[in-house]
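Work through the following exercises with the sequence and the model open. Each task is followed by a solution in steps.

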Amino acid sequence: MGAVPNAAVTRFFQRRIANPVMRHLPTQTLLETIGRKSGQPRRTPLGGKRVGNQFWFVSEFGERSQYVRNIKANPRVRVRLLGRWHSGTAHLVPDDDPRARLRELPAFNSFGVRTFGTNLLTLRVDLDG
């Protein structure tokens, strides 16, 4: 039996161990999308940075990420920053250089995305008001 691919191990760890714990940390940044099939809110811990009325982050699995698929179906999202929810509209930014973007984002999360990411994609949320 061969080794489990890096992406599969990462997804398993994130879905079953890290994300359930991190969702409950009051200062953890969360992205809330609406499930494209269920219609239910889906919350994903992630790292990124607010710049003015925009929130920037990089998906490590690109368009294969469940939250990116949800955004493509419904770009209206909420982002929890420092314990406060902000509504906005998410945009995929495929022309942005995700590796360069990661250098501008918080180092700890960026290290993980660079290390385990297989298909990096930059996203931007234009925050309301």
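**Exercise 1.** Which residue of β4 is the bridge partner of K49?

*Solution.* The model is predicted: local features need pLDDT of at least 70 and side-chain atom pairs count only at pLDDT 80 or more, while totals for chains, interfaces and linings use all residues. Residues are numbered from 1 along each chain as its sequence is written, and side-chain values use heavy atoms, with hydrogens and water left out.

Step 1. Helices (H or I, at least four residues) and strands (E, at least two) are DSSP runs, numbered from the N terminus. Strand β3 covers residues 49-51 and is joined to β4 by three bridges, in the antiparallel sense.

Step 2. The partner of K49 in β4 is W56.

Step 3. The β3 and β4 hairpin has two residues between the strands, and G52 takes a positive phi near 65 degrees there.

**Exercise 2.** Give the strand order of the sheet and name its edge strands.

*Solution.* Step 1. Two strands pair if DSSP finds at least two bridges between them. Strands of a sheet pair through backbone hydrogen bonds, either parallel or antiparallel.

Step 1. Here seven strands make an open sheet, ordered β2-β1-β5-β6-β7-β4-β3, with antiparallel pairing.

Step 2. β2 (41-45) and β3 each pair on one side only, so they are the edge strands.

Step 3. β4 and β7 are joined antiparallel by six bridges.

**Exercise 3.** Is T122 buried or exposed, and what does its side chain contact?

*Solution.* Step 1. Buried means under 20% relative accessible area, exposed over 50%, and partly exposed in between (1.4 Å probe, protein chains only). T122 has a relative accessible area of 0%, so it is buried.

Step 1. T122 belongs to β7 (residues 121-127), where it stands opposite V58.

Step 2. The T122 side chain makes a polar contact of 2.9 Å with that of D96. Such a contact is a pair of N or O atoms within 3.5 Å; within protein, one must be able to donate a hydrogen and the other to accept it, and residues adjacent in sequence count only if both atoms are side-chain atoms.

Step 3. β4, across from T122 at V58, is largely enclosed by the rest of the structure, because five of its six residues are buried.

**Exercise 4.** Which residues of α4 are buried, and why do they lie on the same side of the helix?

*Solution.* Step 1. In α4 (residues 107-116), the buried residues are S110, G112 and V113.

Step 1. These residues cover an arc of only 160 degrees around the axis, which puts them on the same side of α4. The arc is that of the directions from the helix axis to the C-beta atoms.

Step 2. A107, F108 and F111 are exposed on the other side of α4.

Step 3. The cover over the buried residues includes β4 (54-59) and α3 (98-102), with contact meaning heavy atoms within 4.5 Å.

**Exercise 5.** How is Q66 placed?

*Solution.* Step 1. Q66 is part of helix α2 (residues 66-73).

Step 1. Its relative accessibility is 34%, so Q66 counts as partly exposed.

Step 2. Q66 and G35 are 31 residues apart along the chain, and their C-alpha atoms are separated by 8.6 Å.
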